[in-house]
Each structure stands twice: as structure tokens, then as C-alpha cells.
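Here is a short note to read alongside the model. Keep the structure open and follow the points in order.

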Amino acid sequence: QVQLVESGGGLVQAGGALKLSCVASGIIFSIGDMGWYRQAPGKQRESVAYITAGGSSNYADSMKGRFNISRDNAKNTVYLQMNSAKPEDTAVYSCYADVILREGYYSITYWGQGTQVTVSS
């Protein structure tokens, strides 16, 4: 079994910064893509950013230049550095990881439970 646990959420003022972390644990052979989604009240879930095992990253347009995603493969951890936070960034942020449990197996996507980020104006 694999678990993803996020941390780092909380309250931040507009213009401030916050760093989220997500650690994957359990029986893991390797991890492919890791990333973050968010969902604000009354809105659809949207992709924030993802990063490949090789370190290539992709961002939603509204996050480019403000957010930075990174990962530590040795620790099975993905990070999301949020800078220049805006009130519209307020949402529950959830991480995911495409996990390969054993060599030669297909990957399975696992999700964290989510962490609340609130940006005050």
C-alpha cells in the first residue's frame, strides 16, 4: 500500500509565500510523475503543476512565474513553493504520484488527503 501525506498548508497573507510538501511512503519500486491539483469552494478541481521523474515541470498558466514545483526522488517527496500568493489561490491542495509498485508493473495514481491553503487579502 502507498500513502501520500501533505503538509505545509495554512494561512498566508496576499503577496506572501508558502511551501507545501508531499511524501509518498509504502511499497514503492519507482515513481513517475508527481504533481498538485487544487479545488476551491464551488469550483472544479484544476491542475496546478506536475514534475516528471527526470525533473521536467509543467504549470497551469495562472501559476507560471509564481509557483515552483520540485522533487526529491530519494525521499519520494514533491514540493510546491507558492510565491506572491493571491486570494484566488485559496483552495484545498492535493498531491498525487504515479507509483510503480514492482518492476515491470504499470503505474497507479495515488492521492493525498489534501491540505487547506487560505490567502487573506
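1. Is Y96 buried or exposed? Y96 counts as buried, since its relative accessibility is 11%. The cut-off for buried is under 20% relative accessible area. Bear in mind that this is a predicted model.

2. Now look at the aromatic rings. A pair of such rings is described by two things, the distance of the centres and the angle of the planes. The structure holds three aromatic pairs. One of them joins Y37 and W111. Their centres are 5.4 Å apart, and the planes make an angle of 65°. That pair is edge-to-face, because planes over 60 degrees apart count that way.

3. Check the accessibility of both partners. Y37 has 24% relative accessibility, so Y37 counts as partly exposed. W111 has a relative accessible area of 35% and is partly exposed.

4. W111 also pairs with Y96. Here the ring centres are 5.3 Å apart and the planes meet at 40°, so the pair is tilted. Y96 lies in strand 9, residues 91-100, and W111 in strand 10. This pair ties together parts that are 15 residues apart in sequence.

5. Which residue lies over the face of Y37? R45 does, at 4.7 Å from the ring centre. Another ring has a charged residue over it: K19 lies over the face of Y79, at 4.7 Å from the ring centre.

6. Turn to the nonpolar core. The largest one has 31 residues. W36, L80 and Y93 have the most contacts inside this core. Several strands give two or more residues to it, among them strand 1 (2-7), strand 3 (18-26), strand 5 (46-51) and strand 11 (115-120). Strand 9 gives the largest share, five residues.

7. Finish with L80. What does L80 touch, leaving out residues up to four places away in sequence? The list includes W36 and Y93. L18, K19 and L20 are also on it.

Notes. Residues numbered from 1 in each chain as written. Predicted model: local features only at pLDDT ≥ 70, side-chain atom pairs only at ≥ 80, totals over all residues. Heavy atoms only, no water. Phe/Tyr/Trp six-rings, centres within 6.5 Å; stacked < 30°, edge-to-face > 60°. Buried < 20%, exposed > 50% of the residue type's maximum accessible area, 1.4 Å probe, protein only. Helix = DSSP H or I, 4+ residues; strand = E, 2+ residues; numbered from the N terminus. Lys NZ or Arg CZ within 6 Å of the ring centre and 35° of its normal. Core = buried A, V, L, I, M, F, W, Y, C linked by side-chain atoms within 4.5 Å. Contact = heavy atoms within 4.5 Å.
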